[in-house]
Amino acid sequence: MKDLSIGVIGSGMQGYAIGSSLAQAGFTLMFAARDLEALKRKVADLPRAKVATPLATAQFADVIILALPYSAFEALAPTLLPSLQGKLVLDATNTDPSNPEIIEQDQGNVARYSQQLLPGVKYVRAFSSVDFYQIVDSYQRGGINPLAIPIASDNSLALEQAKALISALHAEPVATSLEQAVKFQRGGVAFRVHTTGKKMRELLGVK
Ligand SMILES: NC(=O)c1ccc[n+]([C@@H]2O[C@H](COP(=O)([O-])OP(=O)(O)OC[C@H]3O[C@@H](n4cnc5c(N)ncnc54)[C@H](OP(=O)(O)O)[C@@H]3O)[C@@H](O)[C@H]2O)c1
């Protein structure tokens, strides 16, 4: 798994927390944002980390983590899409509570709405419901009291790959279907719940 390169598009609180932990875990990282000079300074001390535009990052990486404001995700999706074909994409983006229009589409299922912006990718909703510092803390605990991270996809291979990546972060993936991802989106029972795998499985109703 560590031979995979990881691209993080949106390298603020959430993207940097995930990406810097993966860099420490031994993965090769490429980070993208708008201000690349500031980003170069931010990642300077990380091992095997580069900085590039969102498009160059989508072209380079085997696995992409999206951690953008939702409006930026929607705006960038058509440009990135050709480079993302067939790749694992982990979507951490949340809709803006001040923009309820998206939430009203697809029966209010943000994951399904987001997946439809990315046809042809191995789409997994992941990291969207856990706070950035909880991811860093869990990684640093090194496997003691791992943070449960809910993930959702209708692609079983994508789910298996996402589980392996999350395990490398010393966190515990808890998988469900895209249909059930509403349970961990904003307003759902498992949104911003930082707990054990056992408790998360109960909340999501999975084994
Ligand atoms: N913070 C959390 O704990 C947390 C937890 C779960 C999910 N999330 C979700 O993760 C996403 C990011 O949240 P955040 O808290 O990390 O936000 P943030 O700290 O404001 O970071 C946003 C990042 O996106 C980049 N960006 C914004 N517009 C862009 C564009 N048009 N093109 C390329 N890059 C762009 C920014 O780059 P510049 O700095 O160069 O502008 C920055 O690196 C949101 O959807 C949020 O709901 C966050």
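User: Is the crossing of helix 1 and helix 6 left-handed or right-handed?

Analyst: The crossing of helix 1 and helix 6 is left-handed. A crossing is left-handed if the near helix is turned anticlockwise from the far one by less than a right angle, and right-handed if clockwise. Helices here are DSSP runs (H or I, at least four residues), and strands are E runs of at least two, numbered from the N terminus. This is a predicted model: local features need pLDDT of at least 70, side-chain atom pairs count only at pLDDT 80 or more, and totals for chains, interfaces and linings use all residues. Residues are numbered from 1 along each chain as its sequence is written.

User: At what angle do helix 1 and helix 6 pack?

Analyst: Two packed helices are described by the angle between their axes and the distance between the axes. For helix 1 (residues 13-24) and helix 6 (residues 132-141), the angle is about 15 degrees and the axes are 8 Å apart. The two helices are therefore roughly parallel (angles under 35 degrees).

User: Which residues of helix 1 meet helix 6?

Analyst: Met13, Gln14, Ala17, Ile18 and Ser21 do, facing Phe132, Tyr133, Ile135, Val136 and Tyr139 in helix 6. Contact requires C-beta atoms, placed from the backbone, within 7 Å.

User: Why does Ala92 count as buried?

Analyst: Ala92 counts as buried because it has 23 C-beta neighbours inside 10 Å; the cut-off is 20 or more. Ala92 lies in the loop between strand 5 (88-91) and helix 5 (110-116). Beyond four places in sequence, Ala92 touches residues including Gln14, Ile65 and Phe127.

Methods: Axes fitted to C-alpha atoms, helices over the stretch in contact; angles between N-to-C directions. Parallel < 35°, antiparallel > 145°, perpendicular 65-115°, else oblique. Contact = placed C-beta atoms within 7 Å. Buried ≥ 20, exposed ≤ 12 C-beta atoms within 10 Å, placed from the backbone.
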